Amino acid sequence: MRHAVVFGALVAVGLLSAPRAEACGGFFCAQAPIDQAGERIVFGVSGNSVEAHIQIQYAGEAEKFAWVVPVQARPTLSLGSAQLFTYLDGVTQPRFQLQWEPSCQPLFPGPIFSPPMEDAAPGSAGGDGGVVVVGREDVGPYDAATLTADDAVALRTWLTTNGYDIPEAAGDALSPYVGNGYYFVALKLRQDKDVGDLRPIVLKFEGNRPCVPIRLTAIAARPDMPIIAYVLAEKRAIPLNYRHVLINPTRVDWLGGGRNYPMVATEAVDEAGGHAFLTEFAGSATTFAQNFAQGAGRNYDTQMLAGIAHPVDFTQAMLTQGFLGDTAVQGLLRKYIPMPASLVPRVPESQFYNSMWSYRADIDSDPGRPAFDARGFAQELETQVVQPLKGAISLLNAHPYLTRLYTTMSAQEMTVDPDFDFNSDAPDVSNVFTAKARFQSCQEDFSKREVRIELPDGRFFFTKFNQPITQGPSAERVEQYSEVGAPAVIQDNSPVILGVIQNLGGGLAGQGCGCGATDAGSVALLTLVFGAWSLRRRR
């Protein structure tokens, strides 16, 4: 018997955009990419075991951070690696590529779109008004409690009494999960930690079908909040109780590199009733796993770092080994190598940590500097950075197939928990979509040139820079998948889309303007087989 594995997040202040630190020449970046508000989860499903890597995004006061996730079986907890999410985002994000045919000189190269970038000790069990604490531990920066409860109000009361800032509305949202006997993992930041210390969390538990309890997320959701689920398994993952939707590629701003694609994708989901997912990628994970293992932390050597006595030499060795400036590394730098008091008023923090060797004299002469604990620093790098990264590598290596599923939802749409299953008959989906392009006119001003775009299925249309097609539906097709076979077609908008581009002078290649191509049988052959592509955005 199959049972759904439920996963989700409840944040007291909200899932807000927060800086994501990347390596940009050092450990601290002056201009870090910004993750858009949303949820990102990596599921690994093997037999009757699920491993969920969850990236937690939050902006607000540290003491108000609270995160609760219901799980159908008791989980084990550990830290995850932010590098896993960064890598998967990069290799699976949708891309639009134009193949330019000779027409005007010089040829316009055509943009390619890239989206903006986002130590355990179990406690004693006990009861508290219908709440049982089955585990209490520190996991990296988190104070984590695993609970069971037979009453939602009692659960919220326990959480607030124990320092978890949980809104009153959480009681009603928790009720369906309490009534079905779920475990609850509750996280808050430890007293010596701040928002910059947030790390991905890993939950491992029994189950074979991932599910996102979106009803909890509704409490803190922004409008059209993006949700991305990566599912690693033996075959392609499909939404079971949600629709599946493919976008209308003629609505995409090809000349702008797909910059309006988030809007088109969100509109496509809305046209499918608001409960639908797009498949952004589905295919072999083998190459991804190999490349990630070869590039991620292969030069890390914390034993060598433990023997370096001076903090400046230590950080230079870290840079040489390729340690990235993520929040974990930044937090450890602040802890073990605080800025000299004499520099604080006049030197930016990022400048100090990225150019620490130029401040060696200031560090050595700082009267308040504690003795440098190289061994402690190296040990925490091992447990908080290296081991989570090795776990991410093992996760990718253990599963041959990767599916990336995407949707956007607003709070009022978060009424049904999406449930995923697997379908070995479902085809692979590429995240790279190509089309042919050529100039119809050769004005010196590129913005005035009309461009002919031809899709791989032969449909063509005309557009200008910053003037994508706005007519017609955003959804090419709405489908419903089951565990076997091809999806049932709920709505096919291909005839409508063809009519729109014909009215604008386009049509089918080889048929002139396409004005006579109205045969319903021919139109049926136009249905795209490229899957759906979408970017994270909120309207």
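In which sense, parallel or antiparallel, do strands E24 and E25 pair? In this predicted model, E24 and E25 pair in the antiparallel sense, over 4 bridges. Strands of a sheet pair through backbone hydrogen bonds, either parallel or antiparallel.

The two strands belong to an open sheet of 10 strands with mixed pairing, in the order E7-E13-E5-E4-E15-E19-E18-E17-E24-E25. Strand E7 (76-79) and strand E25 (488-492) stand at the edges with a single partner strand each, so one side of each has no neighbour in the sheet. From one strand to the next, the twist averages 25°.

Arginine 477 in E24 is the bridge partner of leucine 246, and the bridge partner of arginine 477 in E25 is aspartate 492. E24 is mostly covered, with 6 of its 6 residues buried. Helix H12 (residues 374-397) packs on the sheet, where the helix touches strand E4 (39-46), strand E5 (49-55), E7 and strand E15 (225-233). The direction of H12 makes about 130° with that of E5.

Strand E17 (residues 243-247) also holds histidine 244. Histidine 244 counts as buried because its relative accessibility is 3%, below the 20% cut-off. Its side chain makes a polar contact of 2.7 Å with the side chain of threonine 279. Leaving aside neighbours within four places in sequence, the contacts of histidine 244 include Arg236, Phe277, Arg477 and Tyr481.

Glycine 80 counts as buried, at 0% relative accessibility. Among the residues it touches, not counting those up to four places away in sequence, are Arg199, Ile201 and Pro388. Glycine 80 and glutamine 55 are 25 residues apart in sequence and 8.2 Å apart in space, C-alpha to C-alpha.

Next come the nonpolar cores. The largest has 86 residues, of which Trp254, Phe314, Phe323, Phe377 and Leu381 touch the most other members. H12 gives the largest share of this core, 11 residues. Phenylalanine 314 touches Phe372, Phe377 and Leu381, among others, when residues up to four places away in sequence are not counted. A second, separate core of 41 residues includes Phe43, Ile214, Ile227 and Phe420.

Charged side chains form the last part of the picture. Side chains of opposite charge can pair when their charged atoms come close. The count comes to 20 salt bridges. One of them joins the side chains of aspartate 313 and arginine 360 (2.7 Å, N to O). Aspartate 313 lies in helix H8 (residues 311-321) and arginine 360 in helix H11 (residues 360-364), so this pair ties together parts that are 47 residues apart in sequence. Aspartate 313 is partly exposed, at 32% relative accessible area, and arginine 360 is partly exposed at 30%.

Another salt bridge is formed by the side chains of glutamate 380 and lysine 335 (2.5 Å, N to O). This pair links distant parts of the chain, with glutamate 380 in helix H12 and lysine 335 in helix H9 (residues 327-336), 45 residues apart. Glutamate 380 is buried, with a relative accessible area of 14%, whereas lysine 335 is partly exposed at 49%. Elsewhere, Arg136, Asp143 and Lys188 are linked in a network of salt bridges.

How values were computed: Residues are numbered from 1 along each chain as its sequence is written. This is a predicted model: local features need pLDDT of at least 70, side-chain atom pairs count only at pLDDT 80 or more; totals for chains, interfaces and linings use all residues. Side-chain values use heavy atoms; hydrogens and water are left out. Buried means under 20% relative accessible area, exposed over 50%, partly exposed in between (1.4 Å probe, protein chains only). A polar contact is a pair of N or O atoms within 3.5 Å; within protein, one must be able to donate a hydrogen and the other to accept it, and residues adjacent in sequence count only if both atoms are side-chain atoms. Contact means heavy atoms within 4.5 Å. Two strands pair if DSSP finds at least two bridges between them. Axes are lines fitted to C-alpha atoms, for helices over the stretch in contact, and angles run from 0 to 180 degrees between N-to-C directions. A nonpolar core is a set of buried Ala, Val, Leu, Ile, Met, Phe, Trp, Tyr and Cys residues joined through side-chain atoms within 4.5 Å. A salt bridge is a side-chain nitrogen of Lys or Arg within 4 Å of a carboxyl oxygen of Asp or Glu.
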